[in-house]
Amino acid sequence: MEKFVKLENVSKTFPIKGGIKYALRNINLTINYGDRIGILGLNGSGKSTLIRIISGATKPTTGKVIKRMKVSWPLAFQGGFQGSLTGLDNLKFICRIYGVDWKEKVKFVQDFAELGKYFYEPVKTYSSGMRARLAFALSIAIDFDCYLIDEIVAVGDQRFQHRCKLELFEKKGDRTFVIVSHSPHHIKDFCNRLFVLSDGYLFEFETFNQAWNFYSKL
Amino acid sequence: MLNSGTKIFKNFDGLKVMIRVIKALVMRELITRYGRKNVGFLWTFFEPAFFAFLVTLVWTFIGMHERSTFPITAFIYIGYSNGLLWRNTISQCFRAINANQGLLYHSIVKPIDLVISRWLLEFLSVTGGAIALGLLLGGFGYVPFPHDLSYLLLGWILMAWFGLSMGLIFSALSVLSEVVEHFIQAFLYIFWILSGSLFAAEFLPPNVRQYFLYLPTLHIAEMVRYGLLGPIMNYYYDIFYPVFFNLIALAVGFSLLKIAERKIEVE
């Protein structure tokens, strides 16, 4: 079966005082398996809304999303953590919903997140760095066809960042990636389809330079 | 032919995923709500126990036990426990979506899974508490062996169904409007008194009773009381009325949730 995600005439509006605000306007986008999609956008351009729509966390106001591959939650997202759950509890939960045997993933997550004995302590006792490492480790513990990345934020020290890159962009390099960011970093070298999101409109460009020219004039 | 075959398979697959997600949510909720020692679970046992004890105490104190053979402890026990099936489930369900929004980033977790998992956990804990308390009170001779188990079970299921339907409605409403969260506690409090879980239809004057019989909860409470206590008084119920009511409420709940889904904003 062909693997893709298709957004058809997707618009998203939010009610604001005295009217409605368009976060996304009539977006048409087909993400094919193996695409490395980079989307540049300023703050408030609708980037995070777009990621939420693709992940399924938010439904479009009009239009539809057809999903024919396994799409990740936004990478390293921490919103699903519950303070009283331990790192292990969170791992078990994630594995259970995705139908993966958690026992097979314990070693990987424990090693990767470098939490030591804190892995068995409630998440509320973690430092922000520990949380971020756990979130990252959980994101890559589950195998997806398509990874969503909302701003590549540097997590941990140099060595940890290097391992993240290795696990994600090299070991899973054949997968699909959707990266939204306000900075060209990573997008420039890594992505093979380039977009700019501006005021809710999505524009595709042939080359990075074209996209960058357009984006830097916004 | 092939098409319809794959379609059925796909739907079955969807159901499998849903069951898997709900199971994971229940296990997660078990830890977050009750803690690792699971003491919170005991509350569904102690709350009706405490109330039944209090009422029995007053009953004895005013000398009613000498004038009447009415099984007051069993009457309170069964009505209260049965009523918790809707009161606890609604109060757990209505915040289910707002409290767990972050989980919706996992696209296989649907809002309805959040509601159903909370309902299921509450159903299991209320039922467990009721069975434990029933056995204890039964051991001391305060609760008789059920007169008709089928009515007891039917009433139990109908009340759980009522709780689920209302839980869906309120969870959707609390997404659609912030005001709902504020008035729901007051609603639960008032309805707890009026629902019929704590009084029998026979206690009411006929001209008042006819209005109270619009409440499906009174019909259901009458059924479980009959199931447990047998023909010690006149019961007023129609099996089809709560079934009919629940069907409509469930349909309304699903529709409202569909509308609410488009409004859910995840931080």
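# Close-up views of a predicted two-chain model

**View 1. A:Asn26, a partly exposed residue in a strand.** A:Asn26 has 15 C-beta neighbours inside 10 Å, so this residue counts as partly exposed. Keep in mind, here and in every view that follows, that the model is predicted. Where does A:Asn26 lie? Look for strand β2 of chain A, which contains this residue. The backbone is worth a glance too: phi of A:Asn26 is near 45°, a positive value in a residue other than glycine.

**View 2. The open sheet that contains strand β2 of chain A.** Three strands of chain A make up an open sheet, in the order β2-β1-β4, and their pairing is antiparallel. Which strands are at the edges? They are β2 (19-32) and β4 (62-67) of chain A, each of which pairs on one side only. From one strand to the next, the twist averages 20°. As background, the strands of a sheet pair through backbone hydrogen bonds, in either a parallel or an antiparallel way.

**View 3. Strand β1 of chain A and its partners.** Strand β1 (residues 4-16) of chain A pairs with β2(A) in the antiparallel sense, over ten bridges.

**View 4. A:Asp199 in a loop.** This residue lies between β7 (193-198) and β8 (201-205) of chain A, in the loop that joins them. Phi of A:Asp199 is near 55°, again a positive value in a residue other than glycine. Because A:Asp199 has 14 C-beta neighbours inside 10 Å, it counts as partly exposed.

**View 5. Where chain A meets chain B.** How many residues does each chain bring to the contact? Chain A brings 21 residues and chain B brings 22 residues. On the side of chain A that touches chain B, the elements giving two or more residues are α1 and α2 (87-97) of chain A. The most comes from α2(A), with four residues. By type, this side of chain A has eight nonpolar, nine polar and four charged residues.

**View 6. Helices α2 and α4 of chain B, side by side.** Helix α2 (residues 43-61) and helix α4 (residues 72-93) of chain B pack at an angle of about 150°, with their axes 9 Å apart. These two helices, α2(B) and α4(B), are therefore roughly antiparallel to each other. Their crossing is right-handed. Among the residues that meet here are B:Phe51 and B:Trp59 in α2(B), and B:Tyr77 and B:Leu84 in α4(B). The contact of α2(B) with α4(B) has ten nonpolar residues, four polar and no charged.

**View 7. Helices α10 and α11 of chain B, crossing.** The axes of helix α10 (residues 216-229) and helix α11 (residues 240-261) of chain B come within 9 Å and cross at roughly 135°. That makes α10(B) and α11(B) oblique to each other, and their crossing is left-handed. Here B:Pro216, B:His219 and B:Ile220 in α10(B) meet B:Tyr241, B:Pro242, B:Phe245 and B:Asn246 in α11(B). The residues of this contact of α10(B) with α11(B) divide into five nonpolar, two polar and no charged.

Key: Residues are numbered from 1 along each chain as its sequence is written. Chains are lettered from A and ligands numbered from 1 in the order in which they are written. This is a predicted model: local features need pLDDT of at least 70, side-chain atom pairs count only at pLDDT 80 or more; totals for chains, interfaces and linings use all residues. Two strands pair if DSSP finds at least two bridges between them. Axes are lines fitted to C-alpha atoms, for helices over the stretch in contact, and angles run from 0 to 180 degrees between N-to-C directions. Two residues are in contact if their C-beta atoms, placed from the backbone, lie within 7 Å. Ala, Val, Leu, Ile, Met, Phe, Trp, Tyr, Cys and Pro count as nonpolar, Asp, Glu, Lys and Arg as charged, and the others, Gly among them, as polar. Angles under 35 degrees count as roughly parallel, over 145 as roughly antiparallel, 65 to 115 as roughly perpendicular and the rest as oblique. A crossing is left-handed if the near helix is turned anticlockwise from the far one by less than a right angle, and right-handed if clockwise. A residue is buried if 20 or more other C-beta atoms lie within 10 Å of its own, exposed if 12 or fewer, and partly exposed in between; C-beta atoms are placed from the backbone.
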